[in-house]
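Reader: I'd like to go through a few local features here. Can we take them one at a time?

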Amino acid sequence: MEYASMGVSTLFRLANDDTVTQEALPLGATLLGVVLSDDKTNISVMSGNHMAHPLLISLTNINACLHSKSSMHAYILLTLLPIAKFTHRTTHVCSLLQDQLMHQALNIILSPLKTAASVGVMMSNLRGNLCYCFTLLAVWIADTPEEGLLAGTAMKVSPVTTTTSKEFGDPFQHPPRTAATMLTAIHSTCSQCPPMDYKNFLKAMRQFWLNGIVEPCWNLWPLSDPSIFLTPEVLHHFHQMFWDHNVKWCIDVTGAAKLDFCFSIIQTSMGYQVFSNGISRLKQVTGRDHCAVQCYIIAAVARSVPCKFLIANHALLDFHYLAQVPSFTTQSLEEVASSLQEFHDHKEAIMSEGIIQQSGAVMQWSADITEHAHIKEIKVPACAGNNQNYNNQIVYYLDWLDKCLCFDLATYIQQHVDQLGTDDESFSNSDMEEGYELDGEGYLSAYSTLTCQIPNYFSISTSLLLRKIPLTVNEAGITYQLPDLEHVLATFFGNRDTSFQVSQPAIIKLQIWHKLHVQQLSYYSKTLLLPQTLHAVPPSVAKPHGQYDSIIISTHPESDWPGDGLAGHSISKLHMIFCPACLDLFLAYIQHFNIVPQSNPINVNPVTGMHLLRQVVQSNGQQVGEVIPLTLIHSPAHLVPNFGQEAHPHLTCLSSYEFSNEFWLNKYWTKEFYYALSPA
């Protein structure tokens, strides 16, 4: 069996074993995993209440990294589903008729895909070669109400398992709600009660926890099962669930005013969201806000809520983070199951206070991308018309746009073919007559690159020109309020084999910078991440205590970040970035933190799941500083003050870090930071 791209079987699974699937297809056949997504969206502006219900389609054969980039147009519009309103006097009957109409329309639209999945279809690839393809349903991305509609289940019932609303809190997984079971129940009900008798038929179907669908859209689609193709969806099942439940629990236990104050005095690095007015009164909260709040919620409520309550919350947040890894191993799956079990073991504290292995990495099936695709596929075309006959104008616009894109692609390839014929003397018309095959796929690699390129600071770091500020060591010590700067600088050069010898170190000229960019590689894919800015700004009128970011530094020459986690690394605060005027050596003045020992070997606080840090101070109370080469800085870090039972009311966002001695190493700051500190 020939896959259109390597590793398709690791991205999704069908309703049967992979071996059986391969044996069922002819030799040399190509498997095309169909990805569908549907969700209603508003297309009118300010008035009119016009809705559209787009059905988007994509393929699992497309790399997951490209799936997550909206600019790559991995999802295209398949059809606009009808939105009907029925006038029956019974609301339940109107809902039944709407659901049946939805599935009837889907059956008509998806019939070619079902046929291709059953008998196959010949398709040509980029090189013009024909492939014998089978279009099997792999994933259907939808939110929870849409999943119930697609599966044909009633309200307050899981669409993928036999769980009902009263059993949602069970600490074990219920049996899957298979397609065979639902079809048997539908046929049994139809034989006893005619479907046209809407009220009685709906009442009979509710006994099986079904919504009254007679011909589900996934029926007669080989190897398709709602319990398999309906996958966990990150945007709604993780982020929105966190906002609707975890945040509300924390507000109820700590109090809105106390929690808002803690959020308002947390300092964040450049590029990260600040909650100056707290979170309890946020309006029009988006998925971006959900993600930002969950980065700080555990550290904000630490030690101000009961221990078991906090354990249950951080365990559930661990489950959300671990479930979003781009690839899974046996160990990582065990970590996911362990965090979920830990939540169930402690969830009683929350009550007293007031399917990954089958679908692959859930991050590739997030509705965040498909909902963003609604902008280009639905909303932009709708705004380009005259606000009349939206569906027709959307289709005409997309058809015109598709022709323009095809023309641009054809001219792009032809331009490179002409350039090849001009530059390559060995290429001639005789080669074309002898069957010389041009590789159009090679030209597409440059045409289909991402619109936003990530700069590679690893390759250009030696050529960067930065704005520098010259000061003597004494002047720098006064400006940055570092009385031991001269001493630690002399100690640094005294311990190094260097020709840097000065009788009076205090008058050495230093070139100083206020910020630098740090770039890392992704924990799993080892690809470049966006650079992050670190600040080391001295005290001023606007910032009386300065702005000093926290960092991860290397303490061992063979340490690897992020692969080794904190092994061979330590946490420090960046106070000054400088270079002696007579040397080509970039240095940093830092102040250290120590990890407070805990009862476990990894020194993680069992209640918060994070490391507790304490500033290293001398006997006179002065913080311990050190000068290190700038190359030892491996990553930014984020610290949150340990507020205790209640944050001091006189603290502000500018002073909270200056007057705190203990901090939480916030592993939930970013997913990459979490994976580095919690290797699975």
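Author: Proline 562 is a place to begin: proline 562 sits in the loop between strand E12 (550–554) and strand E13 (569–580). Helices (H or I, at least four residues) and strands (E, at least two) are DSSP runs, numbered from the N terminus. This is a predicted model, in which local features need pLDDT of at least 70 and side-chain atom pairs count only at pLDDT 80 or more, while totals for chains, interfaces and linings use all residues. Residues are numbered from 1 along each chain as its sequence is written, and side-chain values use heavy atoms, with hydrogens and water left out.

Reader: What kind of peptide bond joins tryptophan 561 and proline 562?

Author: A cis one, with omega at about 10°.

Reader: Next, the helices. At what angle do H9 and H11 pack?

Author: Helix H9 (residues 234–254) and helix H11 (residues 287–294) pack at about 60°, and their axes are 9 Å apart. Axes are lines fitted to C-alpha atoms, for helices over the stretch in contact, and angles run from 0 to 180 degrees between N-to-C directions.

Reader: What does that make H9 and H11 to each other?

Author: Oblique, therefore. Under 35 degrees counts as roughly parallel, over 145 as roughly antiparallel, 65 to 115 as roughly perpendicular, and the rest as oblique.

Reader: Which residues of H9 meet H11?

Author: From H9, Leu235, His239, Gln240, Phe242, Trp243 and Val247; they meet Gly287, His290, Cys291, Val293 and Gln294 in H11. Contact means heavy atoms within 4.5 Å. The residues of this contact between H9 and H11 divide into six nonpolar, five polar and no charged. Ala, Val, Leu, Ile, Met, Phe, Trp, Tyr, Cys and Pro count as nonpolar, Asp, Glu, Lys and Arg as charged, and the others, Gly among them, as polar.

Reader: Switching to threonine 163. Buried or exposed?

Author: Threonine 163 is buried, with a relative accessible area of 7%. Buried means under 20%, exposed over 50%, and partly exposed in between (1.4 Å probe, protein chains only). Threonine 163 is in the loop between helix H5 (144–151) and helix H6 (179–192).

Reader: What does threonine 163 touch?

Author: Leaving out residues up to four places away in sequence, Val157, Ser158, Phe168, His174 and Arg177.

Reader: And leucine 223, what is its phi?

Author: Positive, about 60°, although leucine 223 is not a glycine. Leucine 223 is partly exposed, at 27% relative accessible area.
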